[in-house]
Amino acid sequence: MTPAVAALRETVARLHRELTRNNLVAWTAGNVSARVSGQDLMVIKPSGVDYDDLTADTMVLCDLDGVVVDGGGAPSSDTAAHAYVYRAMPEVGGVVHTHSGYATAWAARGEAIPCWLTAQADEFGGEIPVGPFALIGGDDIGKGIVGTLSGHRSPAVLMRNHGVFTIGRDARAAVKAAVMCEDVARTAHLARALGQPLPIAPADVDALHDRYQNVYGQRPPSG
């Protein structure tokens, strides 16, 4: 095992704690994976293991066909979906799946989350879309994720009757998108319970997204 893979196993194990800390998962549901840079490999959570028992050593190394390369346990039941995303979207470095309550409620209705919040414009660049229903275990979920998010600014998709999948340039970015997706879904639900939320003009959504993606936060000094 190379130092890069060992470090990625540590990172993926640690990021799973963010799912429980942010109340995005129940019991052993949900998973985080990360692409091994420069190799056709990924690190992913083992199937059915308690979050308290997840360590770097329990993480499973797979190739991008979902075949186990290293690790003592079976990988997540969503491994084929993650692998398909990595094969189809080379810019993606991390994938996350959750059944977070409010976002999954929108998925159960088969309803995209309209862009009613500046925070949603920032992170998602518009609505959070709905993907098709697909059974667990094969490529169909991965195909639905890729088909929905290709050409879309959102890093999150609500897979109908299932839950949330998010992508990112790395696993941390995908976890952040999952956290933000649930926060947006909860606020949108509460807003609609009070009445009809007000839309944000498309030009303002574009401006907000551009500022957040290209200006917000710390930037390396020039020169």
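This is a predicted model: local features need pLDDT of at least 70, side-chain atom pairs count only at pLDDT 80 or more; totals for chains, interfaces and linings use all residues.

Q: Which residues of β1 point which way?

A: N31, S33 and R35 point to one side of β1, while V32 and A34 point to the other, and all are buried.

Q: What does β1 pair with, and in what sense?

A: β1 pairs with strand β5 (residues 94-98) in the antiparallel sense, over 4 bridges. With strand β2 (residues 41-44), β1 is also antiparallel, over 3 bridges.

Q: Which residues stand opposite S33 and A34?

A: S33 has V95 of β5 opposite. A34 has V43 of β2 opposite.

Q: How many residues lie between β1 and β2?

A: There are 5 residues between β1 and β2, and the two strands form a hairpin. In its turn, G38 has a positive phi of about 80°.

Q: Zooming out, what is the strand order in the sheet?

A: The order is β4-β3-β2-β1-β5-β8-β7-β6, making an open sheet of 8 strands with mixed pairing.

Q: Which strands stand at the edges?

A: Those are β4 (68-70) and β6 (130-131). Each has a single partner strand, so one side of each is left without a neighbour in the sheet.

Q: In what sense do β6 and β7 pair, parallel or antiparallel?

A: Parallel: β6 and strand β7 (residues 156-159) are joined over 2 bridges. V130 has L158 in β7 as its bridge partner.

Q: Which strands does helix α1 touch?

A: Helix α1 (residues 3-21) packs on the sheet and touches β1, β2, β3 (60-63), β4 and β5. The direction of α1 makes about 150° with that of β1.

Q: Which ones, and what covers them?

A: The buried residues of α2 are T79, A80, A81, H82, A83, V85 and Y86. Their cover includes β1, β2, β3, β5, α5 and β8 (163-168).

Q: At what angle do α2 and α5 pack?

A: Helix α2 (residues 79-88) packs with helix α5 (residues 140-149) at about 40°, and the axes are 7 Å apart. That angle makes α2 oblique to α5. The crossing of α2 and α5 is right-handed.

Q: Which residues make that contact?

A: From α2 come A81, Y84, V85 and A88; from α5 come I141, G142, K143, I145 and V146. By class, the contact of α2 with α5 holds 7 nonpolar, 1 polar and 1 charged residues.

Q: And how far apart are the axes of α3 and α6?

A: The axes of helix α3 (residues 101-109) and helix α6 (residues 171-194) are 7 Å apart, with a packing angle of about 70°. α3 and α6 are therefore roughly perpendicular to each other.

Q: Is the crossing of α3 and α6 left-handed or right-handed?

A: Left-handed, for α3 and α6.

Q: Which residues meet there?

A: On the α3 side they are G101, Y102, A103, W106 and R109. On the α6 side they are C181, E182, A185, R186, A188, H189 and R192. The contact of α3 with α6 divides into 6 nonpolar, 2 polar and 4 charged residues.

Note on methods:
Residues are numbered from 1 along each chain as its sequence is written. Side-chain values use heavy atoms; hydrogens and water are left out. Axes are lines fitted to C-alpha atoms, for helices over the stretch in contact, and angles run from 0 to 180 degrees between N-to-C directions. Angles under 35 degrees count as roughly parallel, over 145 as roughly antiparallel, 65 to 115 as roughly perpendicular and the rest as oblique. A crossing is left-handed if the near helix is turned anticlockwise from the far one by less than a right angle, and right-handed if clockwise. Contact means heavy atoms within 4.5 Å. Ala, Val, Leu, Ile, Met, Phe, Trp, Tyr, Cys and Pro count as nonpolar, Asp, Glu, Lys and Arg as charged, and the others, Gly among them, as polar. Buried means under 20% relative accessible area, exposed over 50%, partly exposed in between (1.4 Å probe, protein chains only). Two strands pair if DSSP finds at least two bridges between them.
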